[in-house]
Amino acid sequence: GPKACMLQNPHAVMHIQDPASQRLTWNKPPKSVLVIKKIQDASLLQPFKELCVFLTEKNMIVYVERKVLADPVIQADESFAAVIQKFCTFREDLDDISNRVDFIICLGGDGTLLYASSLFQKSVPPVMSFHLGSLGFLTPFNFDTYQSQVTQIIEGNAAIILRSRLRVVKESREKNARVDKKGIIMTKGDSEGSRKAMQYQVLNEVVVDRGPFSYLSNVDLFLDGHLITTVQGDGVIVSTPTGSTAYAVAAGASMIHPNVPAIMITPICPHSLSFRPIVVPAGVELKIMLSRDSRNTAWVSFDGRKRQEICHGDNITITTSCFPVPSICFQDPVNDWFESLAQCLHWNVRKKQNYLSSKEDVF
């Protein structure tokens, strides 16, 4: 308009990037790779061995989690012992490998990719996921042609999609603290030492539920500091676009393409006929707290792990993380997503309507 404008160059605001234009590029040729294998799955032992031999023959530094090599079948394989000697090992939550790995290869199902995400609380290397699990919505690669596909990745010839994550901070009060009628924490000591904060990077969803209790969960949901609603039901799911096709879709949510910058809020069996799932902008800050009148505590999990109790005075803050997961595509972000919808969830599968010939009566 004549009085208001967004920027001097409005074309910069309206520019929309084609998801298919996102490509993997290397500043330098990759030298190290982290191989993540689903634990306690005998069917993955042979693919794991073949892949590791192939990578070592390409002079790649291979990182493997120590508990993977603890498998008795791997230890008993004398022909594989020489390859194991070349591995670099690490332990979850103890060894930091964030600055040592150039890219990641996952062997398993969707849970393997979620586990890979949890290993990196900041920047995540590009992830290549092979479909060797059950569902495989997030694992587009077939292992039958792994040699040519891995070679393409090493050469930097691949499309990539940035899957947003959630930065979640859970603040808990001390056990010796108490909460007054207004929900204010009362402690005897330094206020700074009265709370404990834990941070998580979540790829799929944060789930708050009623746990083992028979009563409804009763939690307050804040958006940018404003109370927007109180969830009364089995719980609530806060998910990324990637997580919209996981637990959220089973609870009645819409499916969002991973390139869409958004956060989805989905109630779990709400005791209300009007509580529909909603989508909010990726830049907002959400906060979940146990309602003052709640009859019981609640429980929270992060990508299905680290399950813990939420008590009065605790709060969970959720924002979009600055550290997405760069997932390598088989074709491109759009085609891969619709292929997964069709193959894994059988989206819009229906018997075709018969053709109506001109000779038949329309009525």
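# Reading the terms against the values

Me: Why is N218 called buried?
Reply: N218 has a relative accessible area of 16%, and buried means under 20%, with exposed over 50% and partly exposed in between (1.4 Å probe, protein chains only), so N218 counts as buried. This is a predicted model, in which local features need pLDDT of at least 70 and side-chain atom pairs count only at pLDDT 80 or more, while totals for chains, interfaces and linings use all residues. Residues are numbered from 1 along each chain as its sequence is written, and side-chain values use heavy atoms, with hydrogens and water left out.

Me: What makes K49 and D77 a salt bridge?
Reply: The term requires a side-chain nitrogen of Lys or Arg within 4 Å of a carboxyl oxygen of Asp or Glu, and the side chains of K49 and D77 meet at 2.6 Å, N to O. K49 lies in helix α2 and D77 in the loop between α4 (72-76) and α5 (78-84), so the pair ties together parts that are 28 residues apart in sequence. Both K49 and D77 are buried.

Me: Why is K67 called partly exposed, and which residue forms a salt bridge with K67?
Reply: The relative accessible area of K67 is 43%, so K67 falls in the partly exposed class. Its partner is E92, the closest N and O atoms being 3.9 Å apart. This pair links K67 in helix α3 (residues 66-69) with E92 in the loop between β3 (88-90) and β4 (103-108), 25 residues apart. E65, K67, E92 and R305 are linked in a network of salt bridges.

Me: Why is Q40 called exposed, and what is its phi?
Reply: At a relative accessible area of 78%, Q40 is therefore exposed. Q40 is found in the loop between β1 (32-37) and α2 (45-57), and although it is not a glycine, it has a positive phi of about 60°.

Me: How many disulfides does a search of the whole structure find?
Reply: A disulfide is a pair of cysteine sulfur atoms within 2.5 Å, and the search finds 0. Among the cysteines, C52 is buried at 0% relative accessibility, while C269 is exposed at 56%.

Me: What is the mean pLDDT of the protein chain, and where is the pLDDT below 50?
Reply: On this scale of the predictor's confidence in each residue, from 0 to 100, the mean of the chain is 89, and 87% of its residues reach 70 or more. Over residues 181-185 the pLDDT is below 50, and this stretch has 10 contacts in the model beyond near neighbours in sequence. Where pLDDT is low, the predicted coordinates should not be read in detail.

Methods. Contact = heavy atoms within 4.5 Å. Helix = DSSP H or I, 4+ residues; strand = E, 2+ residues; numbered from the N terminus.
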